[in-house]
Amino acid sequence: MKVLITGGAGFIGSTIASACLDDGIEVVILDDLSTGRPEFVEGRTWYRGDIADGGLIDRIFAEHPDIHAAIGCAAKIVVPESVADPLYYYTENVAKGLALLGHLNRNGCERFLFSSSAAIYEAGQGITETAPLNPMSPYARTKAHFENALEDIAAGTPLRAISLRYFNPIGCDPKLRSGLQVMQPTHALGVMINAFHAGRPFPVTGTDWETRDGTGIRDYVHVHDLARAHIAAVRRFDTVTSNDADAPYRVINLGSGTGTTVFELIKAFENVTGRALATETVGRRPGDNAGAYPDIALAGELLGWEPALSVEQGISDSLAWYDRRPLVLTEGSEE
């Protein structure tokens, strides 16, 4: 089996590519390196370019006519950036994504696996795939719009599609081949790791939320578990979807199934490091909510998948990657 992975030089895409290779699946990577890393595609079949470049897509399929499915990981994902420049996000995530689908269709590629986001849901706990959608940022709305288009296109063309919705990937490739390439991450664990190494207190933003301990709850899932889910979806694609009217398009949640509060994340971090983490309580941030995590029962039913790696393992691997990253990212790593 061979798959095309767009965005395969990024954090999630490169981990999926590594897991595919470990599982006996050949990979062809398309990435323009706008945020991906050349170190993450070293030694792999890689085409540098844009997902909207029809000539390049045609060339890829001419040289790899045996591609079984395409996995779409190419996207812009920084929420504040999407607020500051929404046109850029709609162009990159929606317009270019639709162009890619047209190129895939023209080349007879009828299986598309989309790395989506549970950020499109209304905030809540135990969110199922049929829960109301309420994307709160231009980034999240681009994911929702593209999913709407996918559903319509799958209903009216030979394309079949699966959207995997998940929140916050943590950890890294288990063999330390790749990991989060951003040097100043904004998600809680990344901020926590940087604060830990800098000797600064970690800010707890609100302790009066309606959660089990008063702190905000988020969903964290190990990036290698996400990669395993993508592999399961590719291998089971034809049983999960069909070309008839029943299910040419499916949505599946991925995640921990329980969520992790800020206090729980701090405790897990201290368990991993064996050291107390300095913290400070600050007020709620504008636009914050109590948080969310998904129900993952359908992933077990359709994909035979459940997370195998704990939050502690994700923290441990993230810390290991923090130490390893300067040795892997040899060019432009100060960004």
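His-230 is buried, with a relative accessible area of 0%. Here, buried means under 20% relative accessible area, exposed over 50% and partly exposed in between, using a 1.4 Å probe and protein chains only. The model is predicted, so local features need pLDDT of at least 70 and side-chain atom pairs count only at pLDDT 80 or more, while totals for chains, interfaces and linings use all residues. Residues are numbered from 1 along each chain as its sequence is written, and side-chain values use heavy atoms, with hydrogens and water left out.

His-230 sits in helix α7. Helices (H or I, at least four residues) and strands (E, at least two) are DSSP runs, numbered from the N terminus. Contact means heavy atoms within 4.5 Å. Not counting residues up to four places away in sequence, His-230 touches Ile-16, Ile-71, Leu-113, Ser-115, Leu-164 and Tyr-166.

In soluble globular proteins, nonpolar side chains tend to be buried together. A nonpolar core is a set of buried Ala, Val, Leu, Ile, Met, Phe, Trp, Tyr and Cys residues joined through side-chain atoms within 4.5 Å. The largest such core holds 41 residues, of which Val-3, Ile-252 and Leu-303 touch the most other members. Elements that each supply at least two of its residues include β1 (2-6), β2 (26-31) and α10 (297-303). Helix α7 gives the largest share, eight residues. A second, separate core of 28 residues includes Val-28, Phe-61, Ala-161 and Tyr-249.

Strands β1 and β2 run parallel and are joined by five bridges. Two strands pair if DSSP finds at least two bridges between them. Leu-4 has Val-28 in β2 as its bridge partner. Strand β2 is mostly covered, with five of its six residues buried. Leaving aside neighbours within four places in sequence, the contacts of Val-3 include Glu-26, Val-27, Val-28 and Val-234.

The second largest pocket holds about 220 Å³ of space. On a 1 Å grid over the protein atoms alone, a pocket is an open set of points where a 1.4 Å probe fits, with protein on both sides within 12 Å along at least five of seven lines; lining residues have an atom within 4 Å of a point. Grid points are joined across faces, edges and corners, and the volume is the space filled by probe spheres set on them. Thirteen residues line this pocket, with Glu-129, Glu-151, Arg-165, Tyr-249 and Val-251 nearest its centre. Helix α5 (138-156) and strand β12 (249-253) each supply at least two lining residues. The largest share, four residues, comes from α5.
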